[in-house]
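Subject: Structure handover

Hello,

Here is the structure for your files. Notes on a sheet and on a chain interface follow below it.

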Number of protein chains: 2
Amino acid sequence: MAIDRLKELRERVVNSLPRGVRVKNIDFEGPVLVIYVENPQELAESGDIVKRLAKDLRKRIIIRPDPKSLKPPEEAKEIILQIVPEDAQITSFFFDEENGEVIIEAEKPGVVIGKQGATLREIMKAVGWSPKVMRTPPIRSKTVENIRQFLLSAKEERKEILRRIGERIHRGTIYEEKWVRVTFLGGSREVGRSCYLLQTPESKILIDCGVNVSNIQHSPYLYVPEVQPLDSIDAVVITHAHLDHCGLVPILYKYGYKGPIYMTPPTRDLMVLLQLDFIEVAAREGTPTPYESSYIREALKHTIPLDYGVVTDISPDVRLTFYNAGHILGSAIAHFHIGEGLYNIAFTGDFKFERTRLFDRAETNFPRLEALIMEATYGGSQDFQPTRREAEEKLISIINETLKNGGKVLIPTFAVGRSQEVMIALEEAIRNKKLEEVTVYLDGMIHEATAIHTAYPEYLNASLRDLIFHHGINPFISESFVKVDSASKRQEVIEEESPSIILATSGMLNGGPVMEYFKRLAGDEKNTLIFVGYQAEGTLGRRIQKGWREVPFPSNGKREVVNVNMRIETVDGFSGHSDRKQLMSYVRALSSKPEKVITVHGDENKCVDLASSIYKTYRVETRAPYNLETVRFI
Amino acid sequence: MAIDRLKELRERVVNSLPRGVRVKNIDFEGPVLVIYVENPQELAESGDIVKRLAKDLRKRIIIRPDPKSLKPPEEAKEIILQIVPEDAQITSFFFDEENGEVIIEAEKPGVVIGKQGATLREIMKAVGWSPKVMRTPPIRSKTVENIRQFLLSAKEERKEILRRIGERIHRGTIYEEKWVRVTFLGGSREVGRSCYLLQTPESKILIDCGVNVSNIQHSPYLYVPEVQPLDSIDAVVITHAHLDHCGLVPILYKYGYKGPIYMTPPTRDLMVLLQLDFIEVAAREGTPTPYESSYIREALKHTIPLDYGVVTDISPDVRLTFYNAGHILGSAIAHFHIGEGLYNIAFTGDFKFERTRLFDRAETNFPRLEALIMEATYGGSQDFQPTRREAEEKLISIINETLKNGGKVLIPTFAVGRSQEVMIALEEAIRNKKLEEVTVYLDGMIHEATAIHTAYPEYLNASLRDLIFHHGINPFISESFVKVDSASKRQEVIEEESPSIILATSGMLNGGPVMEYFKRLAGDEKNTLIFVGYQAEGTLGRRIQKGWREVPFPSNGKREVVNVNMRIETVDGFSGHSDRKQLMSYVRALSSKPEKVITVHGDENKCVDLASSIYKTYRVETRAPYNLETVRFI
């Protein structure tokens with residue numbers, strides 16, 4: 001079927017392109033249609049003809065040159081450097097002979113691209129190679145580099161994988177009947193192990209596949225027949241990189257899934273970082289890991305990154321588009337267009353409907369939307385949070401008091417999301433003299449996660465991008481931030497006399513480098529511990545919040561008791577989740593009013609409460625399903 | 001696993017039986033544990049020891065004699081005739097060498113059985129053969145005879161099938177997790193194609209598998225992954241014989257199901273009758289039949305009949321018990337006990353919560369009941385029906401008026417259910433002189449369906465049984481009833497001068513012998529047409545009810561117009577469905593109040609209306625799911 005389809009497409013392509021363009025071959029590569037052209041120069045001249053063709057065919061299109069038309073790399077490099085204005089600050093070239101691509105890393109990729117891609121087209125015409133531009137990250141991220149390196153090394157295999165995926169996506173439809181339903185496999189009436197199966201007669205799409213962070217043994221219900229065999233699934237879609245949404249993706253490959261995973265590029269990188277950390281921590285603690293690192297790599301091989309707003313076929317009758325969710329870097333609302341105008345359903349994942357330091361508020365503008373599956377973490381009728389501005393003011397004021405007294409501030413945070421929000425707030429306060437010049441130490445994975453943020457400035461909000469690109473101020477690389485990367489450095493930080501701020505993982509004081517700081521700083525009443533995130537029941541963080549002032553620690557086989565004399569504070573409002581008011585406003589703000597709203601990702605009473613309030617306020621059908629239930633939409 | 005289980009059971013059996021009893025072998029036969037004993041006489045003497053053993057093991061038990069201990073058939077026959085009192089009126093013997101069973105057909109099987117089975121035990125002791133008693137039906141049913149003959153001929157294959165089923169039932173449990181859910185595959189928010197899938201981590205039970213009578217192309221959603229592959233289903237359970245509940249059972253075997261079907265014995269016989277008629281009618285009308293008759297036989301081979309009240313293991317964690325539903329002969333409420341005391345859920349199928357001429361009202365007394373899936377045919381807030389008594393009075397009065405005028409009464413009815421209700425009412429009216437002596441002609445399948453009724457008097461209500469057994473009056477064999485079994489006989493009935501009553505199929509005037517009567521009787525205003533059943537939209541019955549008085553018929557290539565001058569009447573209240581009041585009362589009457597009530601088998605607004613009223617009245621959680629949805633119960 002896919003072959004017939006390709007023949008038909010080839011004809012349409014040849015007829016649509018200017019006469020001089022010699023099409024050599026066309027093929028599917030994952031969801032993308034690749035057109036191999038003997039003389040891509042011809043095409044480069046005809047402006048946005050490719051764009052129009054893509055629109056006509058309702059397909060994403062990539063043009064690749066015929067290998068014979070490529071200039072030798074050294075010569076090509078010289079030509080490119082002549083074409084591209086110097087202020088692009090090109091830092092490296094990589095020539096990928098297989099795909100006829102040249103990857104150009106530059107400080108200012110926009111300059112390499114040129115107005116509406118004009119410079120790129122010029123490059124292509126001059127050297128034959130298809131140019132791909134990447135930003136030179138201001139902080140080197142090992143994760144990003146390793147992923148890029150790995151993907152290059154697996155290029156051949158990946159090409160085969162993408163071809164297979166492409167054939168499957170374009171297999172054509174079979175059923176006359178039309179219906180849409182979702183089975184809730186995890187994360188319904190609970191927080192953790194988010195997992196949903198979107199089904200039509202033609203397709204099965206798995207949305208998220210998370211761990212239950214408070215009980216690793218409780219996986220999503222992947223063994224039920226709707227999901228089995230795993231390779232009956234057409235696509236896996238990940239909304240963001242937190243482990244309760246993607247922590248179990250590798251086991252899909254362990255148990256037989258062979259298809260694609262779609263996510264934004266930053267989600268891919270953060271996901272790998274967090275998954276590797278997840279199994280490392282598990283191994284260190286002696287709990288059995290649900291998968292080995294080889295399956296993280298396997299998943300990576302099958303990952304197809306998609307930017308916000310790119311409409312992509314992921315099965316014969318489903319198109320996926322990601323939209324900004326405002327929760328963490330790369331977090332997305334996954335919007336599915338089913339059939340040709342049949343039905344539209346969006347999964348918010350975790351989302352923040354408030355502009356933060358890093359991100360715009362979650363997208364509300366969808367071409368069409370009949371159903372919304374939304375999170376309800378703070379869905380309870382009393383779940384109001386201070387605004388971000390109020391939270392920041394309180395944070396700065398507590399820090400100032402502590403520093404004035406000559407104390408140190410310890411802030412336990414998760415590596416991804418909250419850390420960066422706090423960093424930006426601190427940097428601005430220092431820059432604007434609301435906070436005295438003070439060193440902010442970053443311990444644990446925070447620095448690496450921040451490096452990944454700097455690799456994707458286009459995923460940050462407009463004012464932060466503006467600050468970075470047009471005002472030359474990248475708050476992430478401020479000299480106030482100092483990375484702690486060894487035990488001895490940690491000792492130094494603890495022992496130095498001057499006041500400082502320490503951001504360290506984990507966020508709930510249940511492991512990680514923050515423990516060492518806490519033990520050593522707790523005794524001194526000049527110091528302050530500030531919680532900026534949710535402390536789950538059963539964690540040390542929660543106990544200290546509740547008022548524990550004597551904390552036992554195992555130490556060389558004995559129990560050492562740490563007396564907590566330091567000041568303990570909690571600053572709400574830094575959450576990446578929408579509070580109750582924001583959840584309600586979000587539904588109102590949607591550009592098209594859904595017929596059905598489903599609440600998930602919240603304690604039972606929060607899901608029920610939010611569903612009931614949305615029904616009463618907006619007269620929209622709502623449901624708060626249980627795990628293992630299936631809801632039909634059309 | 002089944003083998004280990006058998007070993008363990010064997011030990012317990014041997015230890016529980018009196019010392020002298022020599023157990024030769026034990027084996028599963030479907031859900032039943034068969035104990036082969038060398039000297040069953042010993043056991044016959046020990047009264048209800050087998051009953052106690054069954055209770056201890058929580059298994060159904062059958063004792064079979066060792067072939068060596070069997071008297072030769074001719075000798076055995078003589079001995080049995082000596083033992084059994086003459087008034088049992090034995091009509092035939094069948095010696096089944098394979099199973100060591102002797103099937104004794106008698107007019108009064110109770111006399112053969114004796115007090116608490118005393119006579120049976122005496123027989124067994126004397127002849128070695130295990131006696132099985134059946135009633136000699138007062139009207140010979142071809143269906144019953146054919147089925148019995150077919151099952152005997154397939155005995156060897158059936159033995160193998162039952163062994164396989166038995167092994168699967170006793171395979172043992174695997175999962176630690178416990179949950180119960182139901183997927184709605186058909187018959188939800190609609191009438192027709194009833195089909196539900198009850199699932200636990202261990203088991204899949206399909207309840208009903210019906211056709212959509214108004215659109216045969218709309219099958220239940222058997223292609224969804226919960227159901228596939230069909231042989232992943234552990235058991236099929238049929239609530240009653242109407243085609244919207246069992247019409248598609250044979251396609252399960254066509255598409256790979258190999259497991260058992262549980263239903264009551266009368267449901268089995270009526271089902272075969274109606275399925276055969278279904279494909280015959282389809283073939284006659286030139287519509288493609290969804291299966292061939294060979295698959296009806298295949299289904300029959302896999303049928304395990306269960307009487308009301310018999311608790312039976314049907315999978316490692318599910319026990320099934322049927323209860324009277326009062327709808328038609330053999331109709332059952334299917335009660336499932338899941339896990340050891342984990343959860344109890346019942347499917348009402350179609351039920352009548354009012355005592356009728358034939359049946360007791362539906363059972364309300366269950367050991368435990370957490371959830372109820374109930375029908376909602378008349379679930380609308382205005383769906384009240386006259387009582388059966390009122391309906392009968394109206395019927396008799398209309399008939400009397402017609403007969404007095406010298407007219408004929410034509411009553412279109414379905415073969416199964418309503419026909420017999422009307423027959424009993426007419427017979428009693430004639431017997432009690434409320435109606436003059438008049439011939440009641442039965443045309444179509446009514447006679448055959450009635451014959452099946454006479455084969456199962458124990459499925460009729462107490463007063464009808466009492467009438468038959470203790471007063472010697474079997475209304476079904478009243479001389480007032482005359483079978484019409486040929487076209488010439490039909491002409492005679494139409495042409496004879498004297499008044500009469502004619503019951504003929506189909507019930508909605510959309511085919512069948514009733515059409516001929518209608519054509520010929522419609523012109524005479526002395527005659528009366530009485531509708532006693534629901535007339536669906538689009539049928540001729542509905543049109544005439546609405547007032548059509550000129551009905552076109554194709555006749556020898558031309559259109560003949562029949563002028564309707566006869567009197568047209570509708571008598572409500574003969575329905576086999578509970579009306580709105582009865583539905584509401586049923587929920588109140590339940591011996592244990594369920595936590596959850598699900599409404600199905602009704603038009604969308606009826607299901608929603610009933611669910612909402614039950615919630616408001618009894619404060620029980622209710623749902624009216626859509627097809628393709630899954631509801632979780634625990």
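In β22(A), A:Leu529 is the bridge partner of A:Leu410. Strands β18 (residues 409–412) and β22 (residues 528–531) of chain A run parallel and are joined by two bridges; strands pair if DSSP finds at least two bridges between them. Strands (E, at least two residues) and helices (H or I, at least four) are DSSP runs, numbered from the N terminus.

This is a predicted model, in which local features need pLDDT of at least 70 and side-chain atom pairs count only at pLDDT 80 or more, while totals for chains, interfaces and linings use all residues. Residues are numbered from 1 along each chain as its sequence is written, chains are lettered from A and ligands numbered from 1 in the order in which they are written, and side-chain values use heavy atoms, with hydrogens and water left out.

The sheet is open, with six strands paired in parallel in the order β20-β19-β21-β18-β22-β25 (chain A). Its edge strands are β20 (481–484) and β25 (567–570) of chain A, each pairing on one side only.

At the interface, 22 residues of chain A are in contact (heavy atoms within 4.5 Å) with 22 residues of chain B. The rule finds four salt bridges across the interface of chain A and chain B, a salt bridge being a side-chain nitrogen of Lys or Arg within 4 Å of a carboxyl oxygen of Asp or Glu. The side chains of A:Arg623 and B:Glu629 form a salt bridge at 3.7 Å, N to O.

Regards
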